Amino acid sequence: MNVDGTVAVVTGGASGIGRSTALELARAGADVVIADIHDDRAVDVVREIEALGRRALAVHCDVTKDADVEALAAAAFDAFERVDILMNNAGVPVLGPPERVSMEDWDWILQVNLYGPIRGVRAFVPAMIDRGSGYVVNTVSVAGLYAYSWDSVPYITSKFGAFGFTEGLALYLRPQGIGVSAVCPGLVESNFGEHVRFAAVDDPTGWIAPMVDFRPIGSDEVGPVVVNAIREERFLVLPHPEFADMLRTRGQDLDAAVAAQIAKLPPPPPRKATD
Ligand SMILES: NC(=O)c1ccc[n+]([C@@H]2O[C@H](COP(=O)([O-])OP(=O)(O)OC[C@H]3O[C@@H](n4cnc5c(N)ncnc54)[C@H](O)[C@@H]3O)[C@@H](O)[C@H]2O)c1
């Protein structure tokens, strides 16, 4: 897809991967709507986009709320008349032993990471189908491709759902002229840790496993990779190319891949009586 002259909406666009992609889209000639719950940062990104000579709009939008996402679509159509690119990117982490994660936190992570993209698609894709063109980018994670650790079961659950949703959308939308990409980064430096919720245990940080497969990259590195993938209309976007090998191994023998991952990690800490 040619990005020049398009209109894009980026949820979670005020920070990290969303901000980086929003700025790169603007550099490529797009006007961008920044949708986030962090209003001050969203306004800062709008200023950065305007300084690049493109139009931008900040909209307060909590992707867990139907009405906010519907209002986001109304604001974007009002300001720019159409939306060519939707990036469902807002996401949050929950850590800790899965049987100790409250139902409220399970609901929260699924509402943001899985229902958020679903709401985005419901709000923006009908107009794309009517036009026969458009692009949907969902920020998933390598957590949507393999279970990397025992400390992040809710996150992995949400991202497997988001990956399946995105792959299914590709089958449905690409024959209708609408591109679909699943962005699956490994570890990216961002403000992601600010939103983390821990399950109720005595020592939450003791429940964080070492990140054995991960090499951090700056969030500024991700935007250009995403925008290139949109240009080339590539489905799977791996800002850390080393995960392509892991996917191949996994495809060859899933039982062996799961066993190897268990062997790589230290065991989870013993549960205390008071936990
Ligand atoms: N940082 C990583 O290592 C990493 C790796 C793989 C995938 N991801 C995914 O990338 C995406 C972006 O994360 P990031 O690392 O840039 O983190 P970030 O925290 O820097 O940015 C996420 C943005 O989403 C916003 N947000 C959170 N909840 C929201 C809600 N309910 N409604 C609207 N906005 C909301 C936050 O305010 C923030 O501005 C997430 O989906 C995350 O799961 C991150």
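Let's start in the middle: among the 50 residues of the largest nonpolar core, Val 9, Leu 72, Phe 124 and Val 136 touch the most other members. A nonpolar core here is a set of buried Ala, Val, Leu, Ile, Met, Phe, Trp, Tyr and Cys residues joined through side-chain atoms within 4.5 Å. Buried means under 20% relative accessible area, exposed means over 50%, and partly exposed is in between (1.4 Å probe, protein chains only). At least two residues of this core come from each of strand S1 (7-11), strand S2 (31-36), helix H3 (66-80), helix H4 (103-131), helix H5 (153-173), strand S7 (178-183) and helix H7 (243-252). Helices (H or I, at least four residues) and strands (E, at least two) are DSSP runs, numbered from the N terminus. There's also a second, separate core of 32 residues, which includes Val 3, Val 32, Val 45 and Tyr 135.

Before going on, keep in mind that this is a predicted model: local features need pLDDT of at least 70, side-chain atom pairs count only at pLDDT 80 or more, and totals for chains, interfaces and linings use all residues. Residues are numbered from 1 along each chain as its sequence is written, and side-chain values use heavy atoms, with hydrogens and water left out.

Now zoom in on Leu 72. Not counting residues up to four places away in sequence, Leu 72 touches Val 9, Thr 11, Val 33, Ala 35, Val 59, Cys 61 and Phe 124. Contact means heavy atoms within 4.5 Å.

Next, take a look at H7. Its buried residues are Phe 243, Met 246 and Arg 250. They cover an arc of only 50° around the axis, so they sit on the same side of H7; the arc is that of the directions from the helix axis to the C-beta atoms. These buried residues pack against H5 and H8. Gly 251 and Gln 252 are exposed, on the face of H7 turned away from its buried side.

That brings us to H8 itself, which spans residues 254-264 and holds Ile 262. Ile 262 counts as exposed because its relative accessible area is 60%. Gln 261 also lies in helix H8, but it's buried, with a relative accessible area of 7%. Leaving aside neighbours within four places in sequence, Gln 261 is in contact with Tyr 146, Ala 147, Tyr 148, Val 212 and Asp 213.

Ser 219 is buried, at 12% relative accessible area. Setting aside residues up to four places away in sequence, Ser 219 touches Gly 16, Ile 17, Ser 20, Val 188 and Glu 189.
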